[in-house]
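Dear colleague,

Please find below the structure that I am handing over to you. My notes on it follow.

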Amino acid sequence: MPNSELSKPYEPNLALRALYALFFDRIKVDPAWVAENQRLAAQGSVVHVMGNLNLVDFLALDHLTKRLGLPSIRFVNDLGLWVANPDMGQGWSDLFYPRSPATQLRHAITSGGSALLFLRRPRDMVDLAIGATRRRGRTEGGALMKALLELQRKSERPIRLVPQVFVWTRRPEPKEYGPLDIMLAPREWPNVVVSVGQFLTNYHHVAMRVGEPLDVRDLLADAERDREREEEVRQRATYVLLRRIERERRGVTGPAQKPPDRVRLEIVQSPKLRAAIDDLAGEREADRAVLTGQALAMLRELQARPDPATRRGLELLFHRVFHSVYAGIEFDPADIERVRRASRDGTLILLPSHKSHFDYFSLGYLFNRQHLPLPIIAAGDNLNFFPLGQILRRGGAFFIRRSFKGDRLYAAVVDAYIRRLLRDGYPIEVFLEGTRSRTGKLLTPKVGLLNMVVDAAVNVQDQKTYFVPVSIGYEHIAELNAYERELGGADKRRENAAELLKTPEVLRHRYGRLNIQIGQILTIDEVRAELELSEEGPLTPAKRRAIVTRIGNRVMDEINRVTAVTPSSLAALALLNDHPRRTAGHRDLYERCDRLLGVLRELGARITPATALGDGPLRTEALREAVQLFLDSELIAINHENDEAWSHRIWARPKACVGASYYVPEQKRLALDVSKNMILHFFVERGLVATALLMPGGRPVTRDVIRERVQRLSRLFKHEFRFRADAPFDEIFASTIDVMLASGELAESAGGLDTGPGRGEAAGLWWVVTYANMLKNFLEGYRIAARALLLLVKTPATEKDLVRRALAVGSRMVTTGEVERREAVCKPLIENAIASLMDEEYLRRDGERLELAESFRDAKAVTAIEGRIAGFMGEV
C-alpha cells in the first residue's frame with residue numbers, strides 16, 4: 001500500500017467533508033486530552049503514534065487537530081489517501097512519482113506540521129486462524145525511526161513520539177478468537193467495515209487517551225552511546241510505544257477476558273489452592289478429586305461472569321433510573337484523573353462507603369461515564385437470588401458468604417479467586433463496612449476480604465496495587481423508610497424477589513444529588529513505611545495483620561475526610577440541634593447553616609458545588625431545595641399557626657420559602673438523624689470539648705479538668721465515632737482548644753476556660769451549646785442503655801434481648817421527659833453503648849448471655865452507672 005504524502009494538510013473530498021460535519025463534529029472531546037496535546041505541541045514537534053492501522057482513527061485525529069488548532073497532520077504511513085483527496089493531480093503525481101516515506105516524514109516535521117505513525121498492520125484471516133503475529137516490515141519501520149533520529153540530530157527543537165488511543169468500543173478483547181472474529185476481524189484488528197461500524201455506534205462517547213510521550217532526544221542519546229546498537233534502540237522504542245498504547249487501552253476497557261469455565265479450571269490448578277486441597281484430602285486420590293469438584297462448585301457459586309451486553313443494558317437502565325430519581329452526580333474531575341493515573345500503573349482496589357444498594361451501581365456508573373474500566377464487585381450472597389443474582393453476576397459482581405469461618409476449603413477458594421482477579425488486573429470493589437450503614441456514620445471495617453487482597457497483592461510482585469478510598473454520599477437515601485424501621489428495633493428483612501417488586505415505589509420519588517469523592521490513594525509500600533517495616537524479606541503474620549489493619553483504618557479515615565458537605569446534611573444538622581419542640585424560621589435556619597458551613601470550610605471539608613460556589617456563602621436556593629426534599633419526604637413539617645390563609649390551602653403541597661417555619665415531627669427525628677450523621681464526624685472533637693465545658697459544676701473550668709473529661713468521653717464513645725489516629729490524644733486536644741480560642745468560641749483566663757466573645761454574629765455560648773447539642777442524643781442513648789442494665793439484676797439476658805428491652809425503656813423515658821431527643825432510642829446506638837459498657841467492665845459475657853459484673857449486681861450500683869453518664873449532660 002502506498003504511503004500518504006501530506007506535505008500540506010490533508011483535505012478530504014466533498015463526500016468525506018459531509019461525513020466530517022455529520023459525525024466528527026459531534027465527537028465529545030475530553031478537555032484533558034486537548035490540554036495535554038496543546039502542552040506537547042507547545043514544547044516541540046509532535047509525531048502521533050497509534051498501534052494498529054485504522055483509517056477511522058486517522059480521520060478522527062486529523063479532524064480534531066484542525067478543529068482544535070493543533071499542528072496539522074502532514075504525513076501518515078500505510079494509508080492510500082490520494083483517492084480521497086480533492087487535489088487529484090497531487091494524488092496521481094504521488095502515485096506515479098512517489099518520494100520515500102522517510103523524506104515525506106522529514107518534510108512534514110520541518111514544515112511545522114505533525115505526523116502520524118501506525119506501528120502495526122492488521123493480520124489477515126490465515127494469521128488469525130493459526131494465531132500468528134504479523135509485524136511491519138523492519139526496513140520501512142526502521143527507515144522512519146531512523147529519519148526521526150537524523151532530524152533530531154540536526155534540530156534543537158525536541159521531537160516527541162506521542163501515543164494516541166481512541167477507544168470506540170468498551171468491550172474488552174477476548175483472549176481467544178472465535179469464528180466470527182476470524183471472518184469479520186477482531187476488535188483489536190478491525191477492518192474498515194468494522195472500524196466504521198464501531199465509529200457510527202460510539203462516536204458520541206469515544207474515549208480519547210494520550211500516553212506517556214517518548215522523547216526522541218533520549219533515543220538519540222542511547223544510539224549515540226553505541227552506534228552499532230542503533231537498530232536495537234529503534235526496535236526497543238517501538239516496543240515501548242506499543243506497551244504504552246496498550247496500557248492506555250486497557251485503562252479504558254479493562255483486561256482481556258477468558259471463558260469462565262477455563263478460568264475456573266486454571267484457578268483450581270493454582271499452587272496455593274492445590275496445596276490446600278492436598279492438605280485437606282490427605283494422600284487418597286479419590287478424596288482429592290472430591291474436594292477439587294467441591295472447589296469447582298464453589299467457584300461457580302462465587303465467580304463473576306461479566307458480560308458486555310449485560311453491562312451495556314445495565315448502563316442504559318441505570319442511566320434512565322438515575323436521572324429519574326437523582327438531580328445529578330457531583331464529583332471532582334481531579335479525583336478521576338488521580339484514579340486514571342493509578343489505573344494505568346497498576347490494579348485498583350476500590351473501597352467505597354456503603355449506605356445504599358445504589359452503591360453497587362453508582363461507582364461503576366461514574367467509571368463508565370469517565371471511561372475507566374468497570375470493577376468486579378464483591379457482594380454478599382444475600383443478593384444472590386433470582387433474578388437479581390444472575391443479572392448482577394453478569395454485570396460483574398461475585399458473591400461471597402457472610403461468614404466462612406471454619407470452612408478452610410471455601411476460604412482457600414475465595415483467596416485463589418481474589419489472587420486471580422488481581423493478577424489479571426481487574427479493578428476490585430470491596431465494601432469494607434461489610435453491610436450498609438443504617439445510621440449515616442461509617443461502620444467499623446471488616447478486614448477479612450481485605451486481608452486476602454493484601455496477601456495477594458504482596459505475592460503478585462510484578463504489578464502495583466492501589467487502595468482507593470471512596471465516599472459515596474446521598475442527600476436522601478432511597479432505603480430510608482426501611483432503615484427507620486430497623487433503627488427503631490425491627491429486624492432486617494431478607495432481600496428477595498418480593499422486596500425487588502417494591503422497587504417501582506422507590507423509583508417514584510426524588511432523592512436529591514449523589515456525590516462521589518476520592519480520598520488519598522494508598523499503596524502497601526507507603527503503609528509499610530508508615531509502620532517502619534522493612535521492604536525486604538517476607539512479612540510475618542503479625543506484620544501482615546498490622547498492614548491490613550492500618551490500610552483499613554486509613555481508608556475509613558480518608559472516607560471521613562473527603563465526605564462532601566451537602567445542603568441536606570447541613571439542614572438536618574441545624575434542625576436537629578434545636579430543642580425538639582422548637583420551630584425554626586427559614587431565615588434563621590439559613591443563618592445557622594451558613595455559620596456551620598464556615599466552620600466546615602475551616603476544617604478542610606469538601607463542599608459540593610450545589611452547596612456553595614467557591615468560598616462564597618451557602619446558596620439560598622440550595623437550602624430551599626434541601627428543605628423541600630425533607631418536606632416532600634415528610635421528614636419535617638411546616639408550622640402553620642401564623643398562616644391565616646393555610647386553612648384555605650389545606651390540600652396544597654407544602655412549600656419551602658422565606659416566610660415559613662419548620663419543625664421535625666418526633667417520629668421522624670430518627671430518620672432525619674441519618675442525614676445529620678453524614679457530616680457529624682467533622683464536629684466530634686469540638687462537641688466533646690463543649691460537653692466537657694458545660695458539665696455541672698460551673699465555669700470557668702481548668703484545661704486539666706476539661707482534658708480529663710474529654711478523655712473519659714472519648715473512651716465512652718470509642719465504638720461510636722472514628723477518632724483521629726494520626727496524632728496522640730494530647731496533641732489533638734490542644735489543637736482543638738487552640739482553634740476554638742482563636743475563633744472566639746472559647747476564652748481563657750486565670751481561672752480556666754469559658755465561653756468566648758463569639759465568632760461572626762453568634763456569641764461564644766451559642767457555639768459551645770451548638771457543638772454540645774450535636775452529641776446530646778448519644779449521651780442520652782448511653783444513659784438509656786445504662787438504665788436497661790437494671791433488667792440484668794435479676795437474671796442474665798442475651799444481647800439481642802437486652803437491646804430490645806433497652807429500646808422499650810428508652811421509649812418510656814422519652815414519654816416521661818427524662819430523654820429529650822427521640823433519636824436517642826436507636827438500635828445501633830444502644831448496641832454501641834452495650835459494647836462500651838462491656839469495655840468499662842460493668843458487663844461481661846457468659847456464653848451467649850450478658851450479665852453484670854460482680855461489683856454491679858444490685859440496683860444502686862446500676863443506678864450509679866447511669867448517674868455517671870447523666871453527669872456529662874449539663875447546660876445543653
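**The hairpin and its neighbours**

In the hairpin formed by strand 24 and strand 25, two residues lie between the strands, and G847 adopts a positive phi near 70 degrees. Strands here are DSSP runs of E with at least two residues, helices are runs of H or I with at least four residues, and both are numbered from the N terminus. The model is a predicted one: local features need pLDDT of at least 70, side-chain atom pairs count only at pLDDT 80 or more, and totals for chains, interfaces and linings use all residues. Residues are numbered from 1 along each chain as its sequence is written, and side-chain values use heavy atoms, with hydrogens and water left out.

Strand 24 (residues 843-846) pairs with strand 25 in the antiparallel sense over four bridges; two strands count as paired if DSSP finds at least two bridges between them. Within this pairing, R845 stands opposite L850 of strand 25. Strand 25 (residues 849-852) is also joined by two bridges to strand 23 (residues 797-798), and these two run antiparallel. There, A797 is the residue opposite L850.

An open sheet of three strands has the order 17-20-19, with antiparallel pairing. Its edge strands are strand 17 (584-585) and strand 19 (637-638), each of which pairs on one side only. Strand 17 is linked to strand 20 (residues 661-663) by two bridges in the antiparallel sense, and Y662 in strand 20 is the bridge partner of A584.

**Helix 2**

Helix 2 (residues 31-43) has 13 residues, which at 1.5 Å a residue should span 18 Å; its end C-alpha atoms are 19 Å apart, in agreement with this. The expected span is 1.5 Å times one less than the number of residues. Buried in this helix are W33, V34, N37, L40 and A41, where buried means under 20% relative accessible area, exposed over 50% and partly exposed in between (1.4 Å probe, protein chains only).

The buried residues of helix 2 pack against strand 2 (45-52), helix 3 (55-67), strand 5 (159-167) and strand 6 (207-210), a contact being heavy atoms within 4.5 Å. At the start of helix 2, a side-chain oxygen of D30 comes to within 3.0 Å of the backbone nitrogen of A32. A polar contact is a pair of N or O atoms within 3.5 Å; within protein, one must be able to donate a hydrogen and the other to accept it, and residues adjacent in sequence count only if both atoms are side-chain atoms.

**Two buried helix residues**

S569 belongs to helix 26 (residues 567-577) and is buried, with a relative accessible area of 2%. A polar atom of the S569 side chain lies 2.9 Å from the backbone oxygen of T566. Leaving aside neighbours within four places in sequence, S569 is in contact with S675, K676 and I679.

A786 lies in helix 34 (residues 776-788) and counts as buried at 0% relative accessibility. Not counting residues up to four places away in sequence, A786 touches L837, V862, I865, E866 and I869. A786 and V862 are 76 residues apart in sequence, with their C-alpha atoms 7.1 Å apart in space.

**The protein as a whole**

The protein has 37 helices and 25 strands, and 53% of its 876 residues count as buried.

Yours sincerely
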